[in-house]
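Here is a short briefing on selected spots in one protein chain. Look over the sequence and the model first, then work through the points by topic.

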Amino acid sequence: MVATKEDIAKFLLGKGYHLTALEFYQELLEDDGTELESLKQFLFNGNSNGVGSVSEFDPIKSVKEKNKKENNNNSTNNENESIKLKDDKISLLEYELRQCKDDLYRIKAQYNLVAGNGKPSSTIQSTSSASASASATSTTSTSSATSMNGITLSISEDDKDTLKELSKERIKQHELRILNYLVKSYLKKNNYTLTAVSMSEEIEEDCQHWSDVIGSKGTPEPPSILTMYRYFFENGDAGIQGALSRSMTEITKLKKDLYETESQWRESKKKLQLLQKEKDDLISKNKEFENKIEEFSRRGLLSPLRTSQHLSQTDLSNHIVSSPKFSTDGSGSGGSSKQQSPTITSSNSNTNGNVANNGIDINNLSIMRRTFRNLIEKRRQTVAFRIVSNMDDESEISVRIAEEVDKIRTLDSDNQSIVKIVADSLPNIVPGVLINKREELIPLILVVISNHPDETIRFSLTKLLFNLIKKPNEVQRHVIMRGCMALASFIGPQRTETEILSQCWEQLSEKYPERRVLVADSCGCLSQFASADLRLSLILSILQQLGEDKSSLVRESVAKNFALLVNFFDSPDKYNQIEESFKKLLYDSEVEVSVATRFHFLPSLANWADLLESLNSKLTNFLLTEMLSILNKYSAQKDEFKIPEQDTFKLDQLLLCFIDLIPRIHQSVISSSIFINEKDALQIENEYNKQEALYQFQINNQNNQNNNNGNYNKNTTTTTTTTTTSSSSSSSSSPSSTTTTPNDKDNKSTTASSTIINSAIRISILGNNEMLKLQSQFENYLMTTVGNEVSGGWPSLEWISNDFINKFIRIISCIPFYNSTVITGFSKALNLFCKTFGTVFTKRIVKNAFYKEFQKESIGGNNSNNNTIKKNRLLSIYTTGALQTLESSEFTTFLKDIIVQISMEERGWLHSDIPALVKCIELLCGNVFDKKKDVSEALCDLTANPSNQVRSCILNLLNFIIPVFKPEQIGNSVVPSLITMSTDPDRTVRFVCLGTLSIAVSFINDDSVIEKVAGAIDRILEDKNHMVELEFVNSMTKIIPTVKPRFRDSFILPRIIDLTRKNNHNPSNQQRKEMSQCLYECTRSYVSITSVPRELISEQVLPMLKLLLNDALLHDPTFKSMVQSLVNDLESSLKEDFKNSIGSKRNTSSNNLLNKIEPPNKWGLSWKPNK
């Protein structure tokens, strides 16, 4: 279908292409004289009621405004800026030209009328304005052509050329008809009737009226020829002629400027097209994301978030339902129309833009700190809404019913919309017969509650809503909450308080815990729709009472919903009460409650405290104070004391909270720095927005996958009741679920790990990339301006460097160092703290603080027991915590120094501190820290120390850490050092090395390494010293059960026999007595092995025991009886084994003989026994 000219004109006007429409109109006039009425009315006669009035719509102005908008969107394009300026100038000059023409027409008409008729000026203006406006569209070409006939004295040469060119142009059809009509009218008016008739016959037109010429009744008739002559040419240069001359000159200049900029505009147009293409691509992508968001919103994943943000940022009156039921008086709907508005009281509304609600002057904060506070506010409104009542656990029923509930927002004033809701819900209600499908009633109940004028009826229906299901499961509670949130979003805070939250107070004493969980969920979900005073009073009181509930399911829900409520707190009035509730829930005996408190409650509490500028002084200090109050009573206990399990659990929960809070403490400290400029702060905020959007998108995708997996598990699991089905479907996200399948267990582990990750993301505001940049600047600041102490200019850094470190040291000095679990927990916390704050901070602040404690005794000369105990307890945590974040050389150097100082009793260290050193080495070599390689290298390096005490200390330490080494590590790193020390010139060192070698050989599997160890032991035994030999026997007694049989039979036993013979001839009775006792213990340990060959017992062990009987006279009679009893037992055992062996041989021989005898074959069968 071919579009007509009128259709094209309507399209251009409808799309706002006014300049193109003006050009199209002019081209039609020039080509074939066609004049479209719609374009003419729009461009020149905007006011259809009066001819000659100035048009209310200015196409030049609209184009100008359009260019302004386009240039604002492309402010970075310099060429667009130049085009904008020139277009503005052209538009302005054209507009002024048109105004000038109008004034000239009016003045000329006034002059002519006054001169000819003598009319008053008051009546002249209206008449002249009409004629001037009517003639504006048709006088240009005529006047120009006429001016060339002789009245051109005051026109410039440029204007003459222009007018000359205009006169040469071919006359257009519409111009010809108009001129014929004007000439004919002139002839008839001046009684040239015959000429007029002849003219009509010649032109073959009979136009008696103006409407016959133009074909339209709305177009004004131009003035007569006489009027035009008098108006334009009678007054010469002083009149309109001079004004026209000046106008023509200005127009010529404008055309020249337009021609100069036209080429530039065309080039810029190409670039704009490219930018427009990119813009369209971005718009399409944005629409895709909006569609995804709408899908998530329809499923209920984002509805609380989108509702709160949308209503708090836009005009809430746009979201008020237009039904008259929402604007009734207070008796009918609980308040005035102002109270019925769906306001959500924002936690960030400030009466003063520079002072927050908590009284903090924002202007006194640094740029980065203000940016960080804005990011905290964003985080409070995004993540917190996803943690209540397992909102990520969506089911098909929940999504569908939530969509029905959301339709309430679109109700019109008529009853048809309500009928639609009822019609959509009835098909789902009827098949369920109101038993298994009661949640389908929720949309209907909410419609009636929101529209019914009687407050009593609304209250009873709200009570019915809460009591709709006897024991609502997770999905059903979710659906009810979604409905209540949708209802509260448009009934306002007052009705929310009187009709919904009042039910929560009445439901506190419900019998079933599921209903009390519903009450807790209501307090959290509806807190965003309640007033600030109501949050601080009723809602807080309900959650505090439910926090004392006997059901762990209720307390877990309270912990989650406290996280929502706290997000709307700004003032510090209720902080102490919230902190006390946090402590009770954290110390809860049920693990699920404490875990929910840490994962959900802690991030919201940290956000609140940070906005109060009290994260360190309140929340962090609270955790430290609780730790100190628990451990302070054990500071005077001995190191062997074990902390009770109840206090260990509390410390574990506090440490986990502190570990989660460390990144946030670090970010809060850096955000208050003064070295971050506004540009970096803006870049960080933009990066945060990107990462937050990406995180939300990833979480939504993950939830969709989890929901699909949950649906698959539900389809493959046979259930008997609705409650069981819902319980198993939510087992992956609810830690309190007890009925699980193997798949459910996998889902639990996956969900637990993802929850930890989400908790870490929630509590941290800035991402890794931003923190790397800020950390580098932070370390540069420390290196250039901070020494070993921090003072002045940065309060938060001062608190961390002084108050926090000192209090943390005081806490860990109260832990008896044999409580390995507690020490490991504090070591991990200190390790993460040092890693987070960086190497420079650790070296200059943390290391210096611990060194002060280690050197206190030597500096002050005070050898009190308290200082010694404190140093011993600090040693393990400092070594396993702070030192692990430094270079390996730093750790090795400190370990060497501390071993030397304790061995030599230097710098306040004593030999009594060796147990603390041993415990420290054990922790380092354990599986938690796994520093075996570094420890073994440090110890092996010290084997060449010139001090005998140091080398002996090294051997004693190896006795404790060899059992935790792998056999390969022992053979490769420890044994070479021991072999070297076996030839030590000092007998004491060799004596200690003997026991260490015996321990090492019991863990070695390689025969070649065992032979080396055996050779080293032999070299030590060459000393022929009684104490060395006695140590050898005692050491072998310990390792006989675990050592390899070859080493035991071929090395240990022969040397024990040699020592027994030697001991019979020892002249010293005391030494002989000691050795015989040890030899007896060693022999008894040897014969207790069941795998010992009987030949060795009969040929070597029994003779050795008989030799020991020779030393019985040196002992009491008991020793002789023990040796003799052992000899008798071995002899009887040998006899019994001999008899058994003889019997087995006889049975074997008889069986062989029977096999050889063939029975008589009576039946002629060939038979042979089976062998």
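N819 is buried, with a relative accessible area of 7%. Buried means under 20% relative accessible area, exposed means over 50%, and partly exposed lies in between (1.4 Å probe, protein chains only). This is a predicted model: local features need pLDDT of at least 70, side-chain atom pairs count only at pLDDT 80 or more, and totals for chains, interfaces and linings use all residues. Residues are numbered from 1 along each chain as its sequence is written, and side-chain values use heavy atoms, with hydrogens and water left out.

**A buried loop residue**
- N819 sits in the loop between α34 (795-812) and α35 (820-837). Helices are DSSP runs (H or I, at least four residues), as strands are (E, at least two), and they are numbered from the N terminus.
- Which residues does N819 contact, leaving aside its neighbours within four places in sequence? They are F641, K642 and I643. Contact means heavy atoms within 4.5 Å.

**Positive phi in two loops**
- Most residues other than glycine have a negative phi.
- R907 has a positive phi, near 55°, and is not a glycine. R907 is in the loop between α39 (888-904) and α40 (914-925). R907 is exposed, at 58% relative accessible area.
- K1024 is not a glycine either, yet its phi is positive, about 60°. The loop between α45 (1007-1021) and α46 (1026-1039) holds K1024. K1024 is exposed, with a relative accessible area of 60%.

**A bent helix**
- Where does helix α36 (residues 839-854) bend? The bend is at K847, by about 30°. That angle is taken between axes fitted to the seven residues ending there and the seven starting there.
- K847 is also one of the buried residues of α36. Others on that list include V840, F841, I845 and F850.

**A nonpolar patch**
- V183, Y186, Y192 and I225 make a nonpolar surface patch of about 320 Å². Patch residues have over 30% relative accessible area and no salt bridge; like charges are joined within 9 Å, nonpolar side chains (Val, Leu, Ile, Met, Phe, Trp, Tyr) within 5 Å. A salt bridge is a side-chain nitrogen of Lys or Arg within 4 Å of a carboxyl oxygen of Asp or Glu.
- Y186 lies in helix α9 (residues 173-189). Y186 is partly exposed, at 37% relative accessible area.

- Over residues 974-1012 the chain is 74% helix and 0% strand. The end C-alpha atoms there are 12 Å apart.

Definitions and conventions: Areas by Shrake-Rupley, 256 points an atom, 1.4 Å probe, with all protein chains shown as cover.
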